[in-house]
Amino acid sequence: MYAFVLGFAKWLEGTGWASVIRTTGIYPYIQLIHFSGLTVWLGTNTVVDLRLLGIGQKHQTAAQLSEALFVWNWIGFCVVVLGGFLLFSGIGTTYLANAAFEVKLGIFVPLALIWHIVVQRKVQKWGQASEVPPIARLSALVELLLWLCVVTAAVEIPNH
Amino acid sequence: MWESLEHMGWVTFLATTGWLYGAVSVVHYFTLFFFIGTIVLVDLRIIGIAGRNQTISLLADQLLPWTWIGFMLAMLSGILLFATDAGDYAPDHVFRAKMLVILLAVILTVIVHRGQWKWSQLPVVPLTAKLIAAASLLLWLGAILAGVDIAALSGLG
């Protein structure tokens with residue numbers, strides 16, 4: 001499995017666009033794509049989680065808010081993945097040898113993503129009333145913590 | 001002046017204590033993603049391509065408080081990070097450009113905040129409102145670009 005991923009990373013590094021990313025001044029713009037997507041993705045996630053935790057304006061229920069932000073939540077995710085894929089393409093084999101990167105993409109991103117999908121589905125039931133059940137508050141807190149773990153692992157990448 | 005900030009006890013402690021510096025970085029990144037996301041969503045709503053099922057003010061009233069809270073946290077963590085290398089950051093052109101872009105973005109965000117209720121009442125969102133929202137959005141993305149450029153162009157951070 002790892003050999004396959006490594007082979008894929010090597011192939012990506014050899015592509016024309018990967019070379020462009022490595023050698024021209026385009027790299028900051030690739031980071032911009034990844035980070036811009038993250039603003040929408042993390043922004044929409046966090047707003048709903050905070051609402052489930054009972055913090056913030058109560059004009060709408062958590063369910064209504066989640067529904068309102070649903071499309072852009074996943075558009076944000078697509079932009080994050082696009083930017084991340086391009087960042088990876090340039091020096092993928094280096095990232096695969098980085099412990100922080102492996103923890104980020106191998107452990108925390110899958111965990112946080114699955115948890116997010118669960119919360120997003122459940123919020124339609126949990127977030128109906130103004131009184132949010134304790135399990136929903138706990139789940140929202142866990143989601144926030146998981147995304148914080150993802151960002152922490154990402155921040156650690158340059159240090160490993 | 002900036003060198004003396006850098007050499008203060010608590011600043012050198014932050015600069016040399018890996019886990020603490022990392023934690024402040026995480027706060028900076030997470031809160032900036034969060035607060036810029038909230039204003040981007042409001043701007044997209046004003047422009048007319050997001051959340052059209054709610055009125056502008058319904059979305060803005062719930063998101064804009066977070067924009068400001070998140071901005072405060074991003075700014076506080078940013079000041080801490082700046083302090084650890086103030087002597088190098090302060091004269092850096094890219095860092096200064098980032099500060100200018102943030103200032104402009106904040107001004108545009110204030111205009112959006114003050115205009116959103118009024119624009120929400122109108123049957124059609126005025127073109128000027130959409131242009132202001134677009135400017136706000138582009139300036140905040142510009143702030144992110146300036147931020148990543150500090151490392152890319154100046155080798156700092």
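Predicted model: local features only at pLDDT ≥ 70, side-chain atom pairs only at ≥ 80, totals over all residues.
Residues are numbered from 1 along each chain as its sequence is written, with chains lettered from A and ligands numbered from 1 in the order in which they are written. Local features need pLDDT of at least 70 and side-chain atom pairs count only at pLDDT 80 or more, while totals for chains, interfaces and linings use all residues.

**View 1. The fold of chain A.** Chain A has six helices and zero strands (DSSP runs numbered from the N terminus: H or I of at least four residues for helices, E of at least two for strands). Its C-alpha trace spans about 55 × 25 × 25 Å along the principal axes. Of its 160 residues, 37% count as buried (20 or more other C-beta atoms within 10 Å of the residue's own, with C-beta atoms placed from the backbone).

**View 2. Helix 3 of chain A.** Take a look at this helix, residues 27-52: its 26 residues should span 38 Å at 1.5 Å a residue, and its end C-alpha atoms are 37 Å apart, which agrees. The expected span is 1.5 Å times one less than the number of residues. Helix 3 of chain A is mostly covered, with 21 of the 26 residues buried. After the helix comes A:G54, with a positive phi near 90°.

**View 3. Where chain B meets chain A.** Here 29 residues of chain B are in contact with 27 residues of chain A (C-beta atoms, placed from the backbone, within 7 Å). On the chain B side, helix 3 (18-47), helix 4 (56-83) and helix 7 (127-154) each give two or more residues. Helix 3 of chain B provides the largest share, twelve residues.

Terms used. Contact = placed C-beta atoms within 7 Å. Buried ≥ 20, exposed ≤ 12 C-beta atoms within 10 Å, placed from the backbone.
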